[in-house]
Amino acid sequence: MPVIGTAGHVDHGKSTLVTALTGRDPDRLEEEKRRGLTIDLGFSWMTLPGGIEVSFVDVPGHDRYMKNMLAGAGGIDVGMLVVAADEGWKPQTEEHLAVLDLLGVNRAVVALTKIDRVDSETQGMVTLDIEDRLRGTSLESAPIVPVAPPTGHGLSALVSAIEETVQTLGPATPSAPRLWVDRVFSMAGAGTVATGTLVEGILSVGDEIALWPLGTKSQVKGIQVHEQPRQSAGASSRVAVVLTGVDRSQIHRGDLLGPPRDVFPTRRFTARLRPARYEAVLKERGSYHLHVGSAAIAIKIRLLDSEHPDLAVLDLEESLSLRVSDAFILRDVGRRLVVGGGRVLDPQPARPWASMVAGAVRMTDALTGSPDVIADALLDVRGRDSLKVLSSHARGGRTTGIEEKGVVVSTQAATELIVRIREATESYQSRYPLRVGIPIVELATQVELSSGMVEKLVSLEPALRVEGSAVASGPVADPTSDERWRTAADKLEGTGLMPMSPTELGLDSELVAALVRTGHLIRISEELVYSPEQVDSLVGVLSGIDEPFGVGEFRDAGQISRKYAIELLEWADRREITRRDGDRRHLIDHSRTG
C-alpha cells in the first residue's frame, strides 16, 4: 500500500489536488480550513484503476511549517511535486525538491497545477524550466502532468502516471516492524491511538510493541488502515494503532513503534553527508536539527577528516533508534533552511577517532547491500558484537562471523585475537614452564572474551590446544628431569607412611603442582604429599586392620603420629577408599592407589 507524499511551494494547490484525486480534504484542523492554509500533515487515500490502494500524506508548503513537512516526508514511497503554472518555480519548491532528493525518493510525478490560469506558451515555458531544475536530482525522470483540479482537466492522466510509477516499486524487505509516530489522539471507547507510516515489517493485532527510545511496553489492541479495521498491516501503510497500557501523554511525534526488545537507541552515529544542491558544503558550525522518520532532534556535526569531507559523526541531544542506511535531513535552525541530508553508516561507532574514520569508509561501501552484507560490514568494523545488536542495526541481517552464545567475532578480528591468545599463552608458559598452560578463565579475561569463545578460537590454531581447563602451546616441561625431584624421591622411599611437606622435600610449589599433575606425587593436604608407592602401602596397612577401625588402630598399624593418622584417614575418606561411620571406618576399595 504505497505512500505518496506531496511537496511544493505554499498555495500551489497541493491540498486541492489531493482532494480532487481522493474526494477527501486532507486539511483537518479548523485553523487550516479557516485560513485556507495547510499547517500540519494531512492524510487521504484512493484506489487506483488497477486496484492498488495508495495513501497520500499532504504536507504544508509554508517555510514556517517546514518542520511539519519533514515529519511527513520520511516515510513516503512516491513523491508528488506540485508546481503552479502561474507562479512557476519558487523557494519552497526548491527546498522541497531538495528534501525528496536527499531522502533518495527516486519515484515521483510532477503535477503542474493551475494551467487554467495561463496560456499554452507560459505552460510550455514553465514545463521546460521544471525539466531543467529537476536535472541531476532523483526526480529527473519524473513525468510532468498538467492539471486543473477545479475543472478536472488532466486528473485521469495524473492518476495513470501515479499508477505507472507505483507499479515500479519493489517488494518490501522482511524486517521487524517500525512505525514513526506523527499523530496521537484519544478515541472514546478505544483508548490511545498513534498514527504513522509503517516503514518496515508487519504489525498485527495482539502484537507486543514498545515506544522507543524509552522502551515503554504496550500491546496492539486494534489496527485501522484508511479508517477500516484490519487484523494486520504491512510495510508502506498508513496505520492507526490502538495501544493498551499507555496514556496519550506518554506518546509524542517522533517516537518509534517497534519491537519490545532488541532495539538499541543511540546518541551518536557516523554518517555519509550530502549538502543540498544550493549549498556548497556542510559545515560543523551551526545550529542543526536532524530529521529522520517523524523525529526532529538537535545535533552537533563533526567532520571525520579532510580526506573524506562527506563523512561525519553526529552527536544527538536525545536518544534515537536508528539502523544502517536510514535516510535523514539536516536543517539549519538559524537560517530556517534544509542544508543537507545523508545516510546512517554505523548507529553505534566505536572509539577511537581513527576507528570511526575507517569504519565509516567501510560502511559506505555496504550502504546499498542486503541486510546480510550490512551485517558483515558492521562486524568487520566492530570486530566483535552481540548478534542481537548487529541484527537490529543491520535491518535483520545475519553475519558469517564466528559465533558463541550470542556473541560473534569477525574473521579479521578472530585472526588478531588468535595472535593475542597465542602470545599470552606462550608468555605464560615461559614464566611457568611446569604448568600445563594458562587457565582459560584467565586468558578469557585478558582478551575480553567468554571462555567458550576462547576455546572456539583455540580450535582454529594448530599451535594451540586445550588441556583440561587450560590452553597450552608446545610441550610442557618434564618435572621429573629436575634434580630436586630425584633428591625428594630418595627421601620419600625411606619414610614409610609418614607424609612429608614440600619444604622438607626441598620442592617449591610450582614443581609440586607439576609432580601432582603427572602423578609422581599425591597431595594429602595443602602441606603434605605422598608418593604413589606410599599410597599402595597405605592401602596395604588398612587392609590388615580389623573392621571397623578407629584412628588409634590405624596409628598403631602405620606407626605414625595421631595428627598424621587423622589427615591420612580424612584423605582416604575423600578418595572413597574408606567410609567413616561415627568414629569408626570401613575399607571400601582395596584397589585405589590415588
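Guide: A term comes before the tour. Helices (H or I, at least four residues) and strands (E, at least two) are DSSP runs, numbered from the N terminus. Pro213 sits in the loop between strand S10 (208–212) and strand S11 (216–225). Trp212 and Pro213 are joined by a cis peptide bond, with omega about 25°.

This is a predicted model: local features need pLDDT of at least 70, side-chain atom pairs count only at pLDDT 80 or more, and totals for chains, interfaces and linings use all residues. Residues are numbered from 1 along each chain as its sequence is written, and side-chain values use heavy atoms, leaving out hydrogens and water.

Follow S11 onward. His226 lies in the loop between S11 and strand S12 (228–230). Its phi is near 55°, positive in a residue other than glycine. His226 counts as buried, at 8% relative accessibility. Buried means under 20% relative accessible area, exposed over 50%, partly exposed in between (1.4 Å probe, protein chains only).

Now the side chain. Glu94 belongs to helix H4 (residues 91–103). Glu94 is buried, with a relative accessible area of 15%. Its side chain makes a polar contact of 2.8 Å with the side chain of Trp89. A polar contact is a pair of N or O atoms within 3.5 Å; within protein, one must be able to donate a hydrogen and the other to accept it, and residues adjacent in sequence count only if both atoms are side-chain atoms. Neighbours within four places in sequence aside, Glu94 is in contact (heavy atoms within 4.5 Å) with Trp89, Arg133, Arg277 and Tyr278.
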